[in-house]
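Biologist: I have a model on my screen and would like to learn how to read it. Please take me through it feature by feature.

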Amino acid sequence: MTSAASDNSRNRADALPKSWNPGEVEAEMYERWVAAGYFTADVTSDKPGYSIVLPPPNVTGSLHMGHALDHTLMDTLSRRKRMQGYEVLWLPGMDHAGIATQTIVEKQLGVDGKTKEDFGRELFIDKVWDWKRESGGAIQWQMRALGDGVDWSRDRFTMDEGLSRAVQTIFKRLFDAGLIYRAERLVNWSPELRTAISDIEVKHEEVPGELISLRYGSLDDNEPHVIVATTRVETMLGDTAVAVHPDDPRYQSLIGTTLYHPITGRQIPIVADDYVDPEFGSGAVKITPAHDPNDFEMGLRHNLPMPTIMDERGRITGTGTEFDGMDRFEARVKVRERLAVEGRIAAEKRPYLHSVGHSERSGEPIEPRLSMQWWVKVEALAKAAGDAVRNGDTVIHPAAQEPRWFDWVDNMHDWTISRQLWWGHRIPIWYGPDGEVVCVGPDETAPEGWVQDPDVLDTWFSSGLWPFSTMGWPDSTTELQKFYPTSVLVTGYDILFFWVARMMMFGTFVSDDPVLTAGKDGAKQVPFKDVFLHGLIRDQFGKKMSKSRGNGIDPLDWITSYGADALRFTLARGAQPGGDLSVGEPHALASRSFVTKLFNATKFALMNGAHTGELPARAELTDADRWIVDRLEEVRAEVDSAFDAYEFGKACEALYHFAWDELCDWYLELAKVQFGAAGSRAESTAVVLGNVLDAVLRLLHPVIPFVTESLWQALTGGESVVIAAWPQASGVPTDVAAAQRISDAQRLITEIRRFRSDQGLADKQKVAATLIGLDAAGLAEQQASVTNLARLTEPGDDFAATASLEIRLSAATVTVELDTSGAVDLEAERRRLEKDLGAAEKELAATTAKLGNEAFLAKAPEPVVDKIKGRRDVAASEVTRISARLAELSGK
């Protein structure tokens, strides 16, 4: 039976390809997993539930490196929990991406000279759905290439009928609770898109501009006047006041008076406000309440008029001046020219670098604009979201991110949720003929003849419901009972304040909904138990990836070049809670090398009969066997602890170094000697090696699923490692003595190898040697291994020691005597040493000269001098060592 097991291993080794070529196997392997139903969650299972909802990528986009990191970490968690006996739901889906999607379809229509207005709202929406059906599958293909083990049977979309029902339900509940209201407030306005946009869709860029100082009031220096500075001179058409600090002595006599507006001719007041910095510029600022956030707040404080001077396209309007109808940028020039003609430009400074918000979608500068919008009153919602973390209902990893979370939710402003778009969830508000307003729920019908609000909801509104709407809320479903609240949210810390905050606010708002609390003892439910926040991906030099720098990496390119496993291992190995990670080609190459090493080692083991089975009694195992089995148990515990703490990088590092440094570089080499032994020793080694590889492949599977599947099936003959059990604690105490003996053997072998190198021996050159003191060191059992791995042979009758070394080990000193006569090419060694001596002498001369230069020493910092001294000492040591070796060779 034992022989048959080894023979089966050899046969399966033959069935493996000569080398690992991921491009030939990954796609087929993934589809086999899906077809087998490994990723489909069973709500009727008795297993404990574990759930993750995928942060929905935009339907318009493709997966970038940040997505690849997110997906790798979520897949790692999901696969591990599945192996640990949980019923796992990893629920996928996509976001309808209101602005981005509408923009794409409008551009397509523009090619034919059409606009959305040419089709009307309903026909345009039909065209967007057509585009979604044709183009929405790109991300799903990329997720498959990455190896995402998601439950495709539950794939959701934020515009699905069920999610629309959830959106209408929570909107009505918030509206009825007085938490949704309509008001005219300042918003981020995109003139090109003609809609309000959210803060997260605004990117601030440093751009050059003009800081123009203009004069209000009299042109006579002896008459009342004030000079203010602005980078947006066109907005002065909407100025309704000038503000100064109440304690600024320069303006005490002007506070409460009015000044002449040079273009509109109005008299505008001088007001006192603590917001003004008297030390900056002239100490006076113009107030344009409808077009600046700070001015808007001052306008409220002082009850100022708030005229909007730009229409939805960014054109000047309603000022009664010659600038009406001009684009805002044209008006900026024309207003400045008129002010200059009138002698009201006090000073100009160009260029002036300042931060300007730009629309992420259209690229244009956004315009702060007073607009009638729908808002969510966030104070109570944000407090509940903060309390969920304070109370420990939701735990943020790492804890260092908690202060940022509290700072955000404790100081949140009301959220504008309306967008002037056609694609999205229509706001469920209807207006009657006499100004009546009614909010219509999903099971209600608006009164006949009433008109629905034309706006749609911010995309973040529907994605804020994602954890529970995707499982069927507001209806009662088995998914909600089994998998809600979700176990963990995995996302970057950069959207902590936007998406995560929205989900927590909505989730805590419905936390006592009977649909969510059913079967959970009536306890309030939060959206997720853990929030794991990873950092941003940077290039290998630590710079943020961006299109402008040209340092972005397409994850699909790496999958094509190196395989999905190499991409995933690179990302997971660099991922730590809250920390940014740098990746580049060298990291991907190292990961591919690791995958190749694992493949080659396992195939070699199989060719030598390695197989799984019950381990022999500990007494029958060699020191090497006990050492590798015990080290495996230590690493397993370390990996479990790291994964439980979301320390992916730590878990990967432990597995990498164990698999490469200990299993491959040491135990496999020791096993070669044991395979050559007669009797049961080879069979015991085959079982130990097989079991260790089995566990290593299972531990690595969540991170590198493809190669581990191929190797695990070949090693065990099992169905799939996807559904294999996660390695458990052995419960066997560590054999400390055996570990020490193996450590001593490793040191002995390493020192002999180093000595051989110093002697100029070729790596494969075998040298006759005697080992004195092995018994006293407790390494008698390791003699064959030491001899084999150090490239030594038994001494013959003509043995004559020409070199020796003593190596102090934990129990005794071992003396190694070698006969190197004839083993060293003396002339080649002499030439190499002479070359090294020349380099060392050159370094010694250079450093000595510098240290003898008084002028240099007088100016050089102490650390620099110390560094040069260190280089001199190393060079001197090398000269001495090499000279001694050359002298030794001259006598041979």
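**Reading the model**

Modeller: Take strand 8 (residues 225-230), where side chains alternate between two faces. Buried means under 20% relative accessible area, exposed means over 50%, and partly exposed lies in between (1.4 Å probe, protein chains only). Strands here are DSSP E runs of at least two residues, helices are H or I runs of at least four, and both are numbered from the N terminus.

Biologist: What should I keep in mind about the source?

Modeller: This is a predicted model: local features need pLDDT of at least 70, side-chain atom pairs count only at pLDDT 80 or more, and totals for chains, interfaces and linings use all residues. Residues are numbered from 1 along each chain as its sequence is written, and side-chain values use heavy atoms, with hydrogens and water left out.

Biologist: How many bridges join strand 7 to strand 8?

Modeller: Two strands pair if DSSP finds at least two bridges between them. Strand 7 (residues 202-217) and strand 8 run antiparallel and are joined by 6 bridges.

Biologist: Now helices. How do I describe a packed pair?

Modeller: Two packed helices are described by the angle between their axes and the distance between the axes. Axes are lines fitted to C-alpha atoms, for helices over the stretch in contact, and angles run from 0 to 180 degrees between N-to-C directions. Helix 3 (residues 65-83) and helix 19 (residues 564-574) pack at about 90°, with axes 9 Å apart. That makes helix 3 roughly perpendicular to helix 19. The scale: under 35 degrees is roughly parallel, over 145 roughly antiparallel, 65 to 115 roughly perpendicular, and the rest oblique.

Biologist: Which residues of helix 3 and helix 19 meet?

Modeller: M65, A68, L69, T72, L73, D75, T76 and R79 of helix 3 meet L567, R568, L571 and A572 of helix 19. Contact means heavy atoms within 4.5 Å.

Biologist: Let us turn to single residues. Is H261 buried or exposed?

Modeller: H261 is buried, at a relative accessible area of 0%. H261 sits in the loop between strand 10 (258-260) and strand 11 (267-272). Leaving aside neighbours within four places in sequence, H261 contacts Y216, M236, L237, D239, R266 and I268. A polar atom of the H261 side chain lies 3.1 Å from the backbone nitrogen of T264.

Biologist: Where is E342?

Modeller: E342 is in the loop between helix 10 (328-341) and strand 13 (345-359). E342 is partly exposed, with a relative accessible area of 27%. Its side chain makes a polar contact with that of R338, at 2.9 Å. A polar contact is a pair of N or O atoms within 3.5 Å; within protein, one must be able to donate a hydrogen and the other to accept it, and residues adjacent in sequence count only if both atoms are side-chain atoms. Not counting residues up to four places away in sequence, E342 touches L219 and P262.

Biologist: What about backbone angles?

Modeller: Check omega and phi. A cis peptide bond joins W473 and P474, with omega about 20°. The bond from Y484 to P485 is cis, with omega near 5°. N303 is a residue other than glycine with a positive phi, near 55°. At 70% relative accessibility, N303 counts as exposed.
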